[in-house]
Amino acid sequence: MPLDLSDIQANVLRGYGAAFARHFALALPTAAAGAALLGALINGDGECPQVSDAKVWSDKPSYCLNVGITADGLGALGVPAATVGAFPAAFRSGSAARSSLPTTGPDDVGLGDVGDSAPAAWILGGTASPTVHLLISLYTHHEKALETRSAQLRTVFGATGVHELSSHDAVAQPGGTVHFGYRDGIAQPWIDGTPGQRLDDVQPSVPTGDFLLGSGYTNRYKGNFIGAIPRTLGDNGTYSAFRLLRQDVTGFEEFLAKAAARWRQDPEVIAAKLMGRWRNGAPLALSPDGPNPTPPITEAQINAYDFVATPEHPAFHDDDFGARCPIGAHTRRLNPRGALVMGQPNSRRIIRRGMPYGPPFDPDHPDDVERGLVGHFICGDIESQFEFIMKGWVNQDIQTAGLRGTRDPILGAQPEHGGRFVISLGPNRDPMILDNLPRLVHTRGSLYLFLPGIGALRRLAAVTTEEAS
Amino acid sequence: MLRAIDTATTDLVLVAPAAAPAQSLPARIENGINLDLSLEQKYQAALNLVVPLKSPAQIFAMLAAIEAAKPVLYQQLGDLNYIHFARFLPYTDGSHLQVITAYDGDLESYIMDFVAVIGEIFTELLGFVADAPPLPVNDYPVEFVQYVISHNVSQVGVWSAYPHLTVIEINTATGS
């Protein structure tokens with residue numbers, strides 16, 4: 001089914017690639033205030049930024065604007081309770097509640113939001129922080145544009161009576177890197193129907209219905225995630241887990257140094273093994289010996305690999321033992337590609353639209369300034385994609401062989417006594433075992449959002465004061 | 001709620017699941033494996049479906065449908081890498097079919113993969129069932145998952161010769 005790009009919010013099918021971002025967490029005092037704000041964002045009269053759609057542009061727009069709504073926000077907008085009830089349970093419960101669900105025992109950390117990452121400590125979306133109704137995400141190329149557009153938005157907030165609870169800024173780092181020093185955002189799922197040319201990526205494209213709601217789309221279960229949501233509200237919408245994640249960069253560099261000294265390795269080797277890619281993005285599967293092989297890996301080749309030989313690519317190197325890319329490496333855990341894993345291969349994909357926040361880290365002058373990653377993790381079903389990845393692939397150890405007693409080295413909720421990471425050296429050699437791995441990423445905030453289609457936003461904006469009451 | 005067999009009447013009745021015992025001692029961890037976790041919490045969990053047929057006269061037709069589906073069914077069950085075994089066991093009077101399996105991981109997380117790969121087979125088989133969920137399964141996945149959970153009969157306990165191994169670990173170790 002062809003995609004109606006004018007009805008899909010931007011930044012879903014293809015990333016905008018911004019240098020600056022600012023996310024506004026808003027509370028709606030009345031449904032009419034929310035409707036007025038959405039109306040201003042839909043119409044965009046030059047004095048108010050307009051929500052961006054997915055139409056192909058030849059000249060990149062000067063900004064991109066997304067609108068996300070929480071389940072509480074739908075209610076605050078006057079959406080009938082029965083309609084909100086048609087949304088999936090995970091979205092309706094909200095991120096804080098889902099992260100607080102009872103676990104099966106001491107070995108089970110659920111989604112990993114435990115300890116100092118528990119919802120009680122969140123500054124956004126937590127059990128002790130104000131209820132968020134809307135999240136507006138503004139992306140620009142220039143800082144001046146960010147401030148100009150932000151001022152315009154705040155004027156509209158004031159005019160409509162909407163409360164700005166908080167704002168969260170992000171700034172891209174050179175080379176698309178994030179604070180641990182890795183180049184980020186390399187492997188993104190390609191959604192069926194996306195316009196434009198796809199870079200070489202041997203993974204199959206993803207069914208449209210895995211990321212967009214609508215009765216015309218099909219997901220990997222041969223159904224669609226719209227369920228009983230009215231089409232006027234659900235069509236071309238999607239979901240996002242918006243996450244505010246603090247990164248312990250000092251702890252990360254210290255761990256690298258200690259592990260490297262213990263095993264007489266270059267710290268960059270340890271860093272690459274933890275991630276599955278060298279910090280410049282070169283995958284271990286293609287370049288096991290260093291980040292700059294001869295001949296060099298081109299941008300077109302950087303995703304053209306698997307961890308095993310497959311019927312489609314029988315010449316691929318078979319790394320089922322993890323001698324090149326450890327089985328527990330972050331990129332291999334979260335995207336096993338064709339490698340052996342419980343469930344369907346090449347499934348459970350997620351779109352990552354995160355950017356760094358906080359100042360760049362200087363290893364020569366380590367500090368305690370908070371820094372991390374903030375942004376959207378987009379999917380068609382929060383429970384079977386985002387939550388499955390966090391619970392099953394990040395924080396458990398049975399999805400494939402060779403992971404027992406470990407969690408994801410970058411994102412995992414490591415035990416208080418420290419986690420473990422195993423680096424295989426081959427089938428007949430003892431592995432390198434890195435112990436005392438600290439928790440490196442801590443949750444500071446989280447929201448489950450519905451990103452409606454443009455038409456749905458227009459209908460939500462049409463709620464009158466009478467209907468809202 | 002789970003279903004269990006009432007020993008007095010042999011009827012299926014709803015029972016509340018037993019509360020997990022309080023753990024006051026530190027977990028016993030060996031080679032990264034928590035030996036205190038019961039089988040049914042993490043691996044080799046039991047799924048004991050007991051489904052009533054519309055008519056006992058249809059049991060043979062249902063079994064024939066299962067037989068016909070075997071090549072695809074068995075291939076897909078194997079490719080999912082978390083089902084240890086699956087038995088299709090009719091009541092002697094033909095009134096019910098039991099589907100007895102053991103699986104690794106979390107049921108709700110992985111049952112949708114069944115829908116993806118063999119949803120059509122489930123739809124056909126549920127056509128014989130008296131209290132089937134809305135069909136086809138692919139269009140009503142949430143209802144299908146709820147149906148499976150509600151028809152899962154709890155068991156007294158389980159013994160396994162390899163209690164802490166998953167399908168993938170067994171197959172990897174044996175080169176299967």
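Reply: The lining of the second largest cavity is made up of M342(A), F388(A), K391(A), G392(A), Q396(A), I398(A) and Q399(A), together with G105(B), D106(B), S109(B) and Y110(B). Two or more of these lining residues come from each of α11 (382–394) of chain A and α3 of chain B. The largest share is that of α11(A), with 3 residues. Helices (H or I, at least four residues) and strands (E, at least two) are DSSP runs, numbered from the N terminus.

The model is predicted: local features need pLDDT of at least 70, side-chain atom pairs count only at pLDDT 80 or more, and totals for chains, interfaces and linings use all residues. Residues are numbered from 1 along each chain as its sequence is written, chains are lettered from A and ligands numbered from 1 in the order in which they are written, and side-chain values use heavy atoms, with hydrogens and water left out.

The space in the second largest cavity is about 80 Å³. A cavity here is a set of points, on a 1 Å grid over the protein atoms alone, where a 1.4 Å probe fits but cannot get out, and lining residues have an atom within 4 Å of a point. Grid points are joined across faces, edges and corners, and the volume is the space filled by probe spheres set on the points. By class, the lining of the second largest cavity comprises 4 nonpolar, 5 polar and 2 charged residues. In this classification Ala, Val, Leu, Ile, Met, Phe, Trp, Tyr, Cys and Pro are nonpolar, Asp, Glu, Lys and Arg are charged, and the others, Gly among them, are polar.

The structure holds 3 cavities of 30 Å³ or more. The largest cavity contains about 390 Å³ of space. Its lining has 28 residues, of which L49(B), F88(B), V99(B), F122(B) and F144(B) are the closest to its centre. Elements of chain B that give two or more residues to this lining are β5 (45–52), α2 (59–80), β6 (83–90), β7 (96–103), α3 (107–126) and α4 (141–150). The main contributor to the largest cavity is α3(B), with 8 residues. The lining of the largest cavity is divided into 26 nonpolar, 1 polar and 1 charged residues.

Next comes the interface between the two chains. Contact, meaning heavy atoms within 4.5 Å, involves 24 residues from chain A and 34 residues from chain B. The buried area between chain A and chain B is about 2400 Å², with 54% given by carbon and sulfur atoms; this is the accessible area (1.4 Å probe) that two parts lose on being put together, summed over both. On the side of chain A, the residues that lose the most area to chain B are Y221(A), M342(A) and R404(A), together 28% of what that side buries. M342(A) is also among the residues that line the second largest cavity.

Across the interface, 2 salt bridges are found, each a side-chain nitrogen of Lys or Arg within 4 Å of a carboxyl oxygen of Asp or Glu. D113(B) and R348(A) meet in a salt bridge through their side chains, at 3.1 Å from N to O. The side of chain A that touches chain B has 9 nonpolar, 7 polar and 8 charged residues.

Two backbone features complete the account. R337(A) has a positive phi, near 55°, and is a residue other than glycine; its place is in the loop between α10 and β6 (351–357) of chain A. In chain B, the peptide bond from L135(B) to P136(B) is cis, with omega near 0°, and P136(B) lies in the loop between α3 and α4.

How values were computed: 1 Å grid on protein atoms, 1.4 Å probe; cavity = no way out; pocket = protein on both sides within 12 Å on 5 of 7 lines; lining within 4 Å.
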